[in-house]
Amino acid sequence: MPKLKPEERLAALDAVCNALAHPARRQILLTMKFRGGSMTAGEIDGRFGHAWPTTTRHLRVLEAAGLVSVQKRGRTRVYRLNLKRLDIINDWLGWFESDNPK
């Protein structure tokens with residue numbers, strides 16, 4: 001993760017935690033991981049029982065948190081996992097290790 005100012009790190013942590021707070025978004029991430037890390041919006045939508053607007057809202061939250069990136073190919077949107085973004089949680093948890101203050 002690039003060097004961020006403390007307030008930027010806190011905002012990034014909040015965005016990632018918010019994205020992971022919803023079970024549907026966690027399920028989307030797991031599904032993408034086990035399907036090779038990349039899926040189209042239609043493939044993601046087809047795996048869940050949500051209405052299309054609900055699926056797109058979840059994808060926007062994941063994108064805003066930096067957990068997925070999106071690439072437009074014609075009318076298709078391809079989502080890719082960015083698991084490196086989860087490092088911010090590990091960094092935060094490191095603060096609670098008694099022998100490893102950061």
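This is a predicted model: local features need pLDDT of at least 70, side-chain atom pairs count only at pLDDT 80 or more; totals for chains, interfaces and linings use all residues.
The strands form an open sheet. Three strands take part, in the order β1-β3-β2, and their pairing is antiparallel. Strands β1 (38-40) and β2 (68-73) stand at the edges. Each of these has a single partner strand, so one side of each is left without a neighbour in the sheet. From one strand to the next, the twist averages 25 degrees. Strands of a sheet pair through backbone hydrogen bonds.

Strand β3 (residues 76-81) is joined to β2 by six bridges, and the two run antiparallel. Two facing pairs can be named along this pairing. S69 stands opposite R80 in β3. K72 stands opposite R77 in β3. The hairpin of β2 and β3 has two residues between the strands. Within this hairpin, G74 takes a positive phi near 65 degrees.

The largest nonpolar core contains 21 residues. M32, I44 and L67 have the most contacts inside this core. Two or more residues come from each of α1, α2, α3, α4 (52-64), β3 and α5. Helix α1 gives the most, with five residues. L67 illustrates the packing. Beyond its neighbours within four places in sequence, L67 is in contact with V16, A19, L20, L29 and L62, among others. Its contacts also include R80, L81, N82, R85 and L86. Helix α5 has three named buried residues, I88, I89 and G94. The buried residues of α5 pack against α1.

Helices α5 and α1 are also linked by charge. The structure holds two salt bridges. In one of them, D91 pairs with R9, and the closest N and O atoms are 3.5 Å apart. This pair links distant parts of the chain. D91 lies in helix α5 (residues 87-94) and R9 in helix α1 (residues 6-20), 82 residues apart. D91 has a relative accessible area of 24%, so it counts as partly exposed. R9 is also partly exposed, at 28% relative accessibility. A further salt bridge joins D87 to K84, with the closest N and O atoms 2.7 Å apart. D87 is partly exposed because its relative accessibility is 22%, and the cut-off for buried is under 20%.

D45 presents another case. This residue lies in helix α3 (residues 41-46). D45 is buried, yet has no salt bridge. The nearest side chain of opposite charge is that of R57, 11 Å away. A salt bridge requires the nitrogen and oxygen to be within 4 Å. Not counting residues up to four places away in sequence, D45 touches H50, A51, W52 and T55.

How values were computed:
Residues are numbered from 1 along each chain as its sequence is written. Side-chain values use heavy atoms; hydrogens and water are left out. Helices (H or I, at least four residues) and strands (E, at least two) are DSSP runs, numbered from the N terminus. Buried means under 20% relative accessible area, exposed over 50%, partly exposed in between (1.4 Å probe, protein chains only). Lys and Arg count as positive and Asp and Glu as negative; His and the chain ends are not counted. Contact means heavy atoms within 4.5 Å. Two strands pair if DSSP finds at least two bridges between them. Axes are lines fitted to C-alpha atoms, for helices over the stretch in contact, and angles run from 0 to 180 degrees between N-to-C directions. A nonpolar core is a set of buried Ala, Val, Leu, Ile, Met, Phe, Trp, Tyr and Cys residues joined through side-chain atoms within 4.5 Å.
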